[in-house]
Amino acid sequence: MSDVARNGTPLLEVADLQKVFPVREGLFRRQRTLVHAVDGVSFSIRGGETLGLVGESGCGKTTLGRVLVRLSDATDGRVLFDGKDLLALRGEELRRQRRDLQMVFQDPAASLNPRKTVLQTVGEPLVVHGIARGHALEGPVLALLEKVGLKREHLHRYPHEFSGGQRQRINIARALSLNPRFLVLDEPTSALDVSVQAQILNLLRDLQADLGLTYLFVSHNLAVIAHMSDRVAVMYLGRIVELAPRRDLFGAPLHPYTRSLLAAIPIPDPDRRDDSPIPEGEVASPLNPPPGCRFHPRCPLRIDRCRQEVPPLVEHGPGHWAACFRVGEEL
């Protein structure tokens, strides 16, 4: 999968994407401030590739995914899907394009309607897009269930009759119902038992190989990211601070924040030590992000320049980008 993905052409191109939420207070709901949930993000994903997106909770990962599939509208920037500007689409044109872009959500229980059977849930996209309805739904829905490891006997059951792993399989089947080309997977295993997580991850890899899917895999679990991704983007307070092929990022991280994330992974060896600097304090509030580099208040390597200037995302090696003024110094 990796070699094909690296040699492919970009299916999705994101340029300077921004998503701002107004914060309103008081009787008249006056705007008090703005939250820059996604702030100037740029990257591309090649056809058949999995780009892992990692970062702490609240950094903007889920918001970015929702904007890419047009569940939320961007404030500014550009998103090209197969050369077509997604943010410019409206009405029927956007509705048709949605077939190619789907999302699997984090909580498999909350993303299923408890009053609908599996047949109704998985078949709903087919009805909405005029592909099948009535008795004609059962055949294509059954084929989708079989792809994700479910059976005919599950067709007329309700969500409460399934385990967490089975519910997520139903969500995946629904996402595949319109034969999409690109999926945003928003922490698809974080709400599941550990024993089930590997099954879902392997299912997603098998589906990608069989159907030629392209993934944006959102997670805060670095072990899952390492298992699933061809390339990895590291996000901090709305911005991408490092982007690299998986092996380069895990083997030779450049940004201090990435190093701190990797240093936090437990190592089952009492004699092995990681001398990576440990970040100070807590993540700043997105309501009042720090000036300059947003990581500088926690960074043990900061210099005065970090407090004043925003470091650009610069390519320091083949496909290895980092936003840090101190990359290349002897630290």
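First, some ground rules. Residues are numbered from 1 along each chain as its sequence is written, and side-chain values use heavy atoms, with hydrogens and water left out. Because the model is predicted, local features need pLDDT of at least 70 and side-chain atom pairs count only at pLDDT 80 or more, while totals for chains, interfaces and linings use all residues. Helices (H or I, at least four residues) and strands (E, at least two) are DSSP runs, numbered from the N terminus.

Let's start with the sheets. Two strands pair if DSSP finds at least two bridges between them. Strands of a sheet pair through backbone hydrogen bonds, either parallel or antiparallel.

Look at Leu12: opposite stands Phe81 in strand 4.

Axes here are lines fitted to C-alpha atoms, for helices over the stretch in contact (heavy atoms within 4.5 Å). Angles run from 0 to 180 degrees between N-to-C directions.

Eight strands, mixed pairing, order 6-7-8-3-9-10-12-11. Which strands are at the edges? Strand 6 and strand 11 (314-317), each pairing on one side only. Neighbouring strands are turned by 20° against each other on average, direction ignored.

Strand 3 (residues 50-54) and strand 8 (residues 214-219) run parallel, joined by five bridges. Val54 has Ser219 of strand 8 as its bridge partner. Helix 7 (residues 194-211) packs on this sheet, touching strand 3, strand 7 (182-186) and strand 8. The direction of helix 7 makes about 160° with that of strand 8.

Next, helix 10 (residues 256-263). Helix 10 lies across strand 9 and strand 10, at about 105° to strand 9. Is helix 10 mostly covered or mostly open? Mostly covered: six of its eight residues are buried. Buried means under 20% relative accessible area, exposed over 50%, partly exposed in between (1.4 Å probe, protein chains only). The buried residues are Pro256, Tyr257, Thr258, Ser260, Leu261 and Leu262. Their cover includes helix 8 (222-228), strand 9 (231-236), strand 10 and helix 9 (246-251).

Last topic: pockets. On a 1 Å grid over the protein atoms alone, a pocket is an open set of points where a 1.4 Å probe fits, with protein on both sides within 12 Å along at least five of seven lines. Lining residues have an atom within 4 Å of a point. A volume is the space filled by probe spheres set on the points.

The largest pocket has a volume of about 440 Å³. It has 17 lining residues, and closest to its centre are Leu71, Leu101, Gln102, Pro125 and Arg174. Which element gives the most to this lining? Strand 6, with four residues. Helix 4 (118-128) and helix 6 (164-176) each supply at least two.

The second largest pocket has a volume of about 310 Å³. Of its 19 lining residues, Arg239, Ile240, Pro311, Leu313 and Ala323 are closest to the centre. Strand 2 (30-46) and strand 10 (239-245) each supply at least two lining residues.
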